Amino acid sequence: ALFQGCGLVKFADVKDPNAAPRIGQVRFDTWEQANAALGLTGTILDGHEIAIKVHAGSKDQTKLQVFNVPPSMAWQELKDFFTQAGQTPAFCDVSSGSSTTTAEVRYEDAPTAQMAANSLNGSILGGATIMVTLDMASQDKTKLNVSNVPAGIEWQELKDHFKQYGTVAFVQINDGKAKGGGEVRFDDAMVAQHAVDTLNGSVLGGATISVTLDMNSQDRTKLIIGNIPPGIEWQELKDHFKQCGTVAFVSTAASSGSGGAEVRYDDPTHAQMAVSTLNGSMLGGSAITVSFDPNSQDGAKLIVGNVPAGIEWQEL
C-alpha cells in the first residue's frame, strides 16, 4: 500500500536477514548442460557459497540440487543465475531449507569409525556444517551419529561423503518420512521364490526391505515388498529385483497415492492422437488415463489420471 501511490506494484517481498538458506532444484535438457552447471559450485551468491550436486534420483543426470541458496532468492533469480552463466535450465524451483535432520552411519570396524568422526566432524555437506560423533550406545563402536544434515540430502550423498575414510556398512537419514510398500511380479514361481530367499533383508536406498510371497497369488509369482524408503521409484525397485530374473511388473505404493496431471498440445489433432494412443498406457508401472478436458475451448488440453507418485513433469 505504501508504494502503490507511486504506480502499479508488480512484485513485493520482505527479506528476513535471519532466515535459513534455501534449497534449489534445476533440470536441464541435456546431460552436457547439467555437467557444465556443476562447475558453478562454490560460487558466492549474496554472501552464500552454493554447492551443486546431481540429484540422487536423476537417472539421466540432468537434474541438480543447489544447496545454501540465499534465503531471499526466488526461483526466477536462481534460473537467471544459471542463464547468465550460459546454462539455461528447463525447470527451476526453490524450497525452504529451514529444517535440518540427523542421520546414522555405520562402518565395518571401530578404528575406521573413529577416523571418520575425527576427520568429518565440522566438514561441509550440502552447504552446511555437519557434526559427527561416536554413538556412545554402540557396543562395537562402529556407529556414528550425524547432526545438522541439511534438508534435501539423500542417503547416497551422505554415504559418498563418508566412504572417503572406509567402507560404509549402513546409512540412514532420520527425516521422519514413512516407509512405503511395493509389489513385484515375476514370470516364474521358482524365480519369485529365489528372490524371496535372496533379497529379503537386503538394503535398498539405505533401508532394509522385507520380501515375502503374496499368499493370495495363485501362481506364486507375486511378491510383497515392505519398508521401501521414500523417494525410491518403480524403476529402481525393478532394477533391484531383476538380478534374480525377468521382472514382469513393478508397483510402488507411495503414501501420497496416485495423482493427476495436465498435458496441453499446440494442435488439437495431436491431443486427439494422444488420447487415442496413450489412454490406458503404462507410466511408472501404472496404467494412466488420458481424456479431453471438457473445459478446454480449443480442445488442446488433456487430463491425465492415475499418475504414480514420484513421476515428474519431465517424465510425463
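First, the ground rules. This is a predicted model, so local features need pLDDT of at least 70 and side-chain atom pairs count only at pLDDT 80 or more, while totals for chains, interfaces and linings use all residues. Residues are numbered from 1 along each chain as its sequence is written, and side-chain values use heavy atoms, with hydrogens and water left out.

Now the big picture. The protein has seven helices and 23 strands; here helices (H or I, at least four residues) and strands (E, at least two) are DSSP runs, numbered from the N terminus. Of its 316 residues, 38% are buried. Buried means under 20% relative accessible area, exposed over 50%, and partly exposed in between, using a 1.4 Å probe and protein chains only. The protein exposes about 17200 Å², with carbon and sulfur atoms supplying 50% of that; the areas come from the Shrake-Rupley method with a 1.4 Å probe, and for residues only the protein chains shown count as cover. As for contacts (heavy atoms within 4.5 Å), take those between residues at least 6 apart in sequence: 64% of them join residues at least 24 apart.

The largest one has 22 residues, and V105, Y107, V132, L144, V146, L158 and F162 touch the most other members. Two or more residues each come from strand 7 (100-107), helix 3 (110-120), strand 11 (143-150), helix 4 and strand 12 (168-174). Helix 3 gives the largest share, four residues. There is also a second, separate core of 18 residues, including V184, L223, V247 and V250.

L144 is a handy place to look around from. Leaving aside neighbours within four places in sequence, L144 is in contact with A103, E104, V105, Y107, A113, A116, A117, V132, T133, L134, D135 and F162. Over in helix 4 (residues 155-162) you'll find H161, which counts as buried because its relative accessibility is 13%. Beyond four places in sequence, H161 touches L120, S123, I124, L125 and I130.

Back to helix 3, then: which of its residues are buried? They are T112, A113, A116, A117 and L120. Just after helix 3 comes G122, with a positive phi of about 90°.

Helix 5 (residues 189-199) can be read in a similar way. Its buried residues are A192, A195, V196 and L199. They sit on the same side of helix 5 because they cover an arc of only 105° around the axis. An α-helix has 3.6 residues a turn, so residues three or four places apart point the same way. The face turned away from the buried side carries M190 and D197, which are exposed. At the start of helix 5, a side-chain oxygen of D188 reaches to within 2.7 Å of the backbone nitrogen of M190. After the helix comes G201, whose phi is positive, near 90°.

Strand 16 (residues 210-213) runs antiparallel to strand 17, and four bridges join the two; strands count as paired if DSSP finds at least two bridges between them. In this pair, L213 stands opposite L223.

Finally, some loops. D46 lies between strand 2 (44-45) and strand 3 (48-49), and its phi is near 50°, a positive value in a residue other than glycine. D46 counts as exposed because its relative accessibility is 59%. K141, in the loop between strand 10 (131-134) and strand 11, also isn't a glycine, yet has a positive phi of about 60°. At 36% relative accessibility, K141 counts as partly exposed.

Definitions and conventions:
A nonpolar core is a set of buried Ala, Val, Leu, Ile, Met, Phe, Trp, Tyr and Cys residues joined through side-chain atoms within 4.5 Å. The arc is that of the directions from the helix axis to the C-beta atoms. A polar contact is a pair of N or O atoms within 3.5 Å; within protein, one must be able to donate a hydrogen and the other to accept it, and residues adjacent in sequence count only if both atoms are side-chain atoms.
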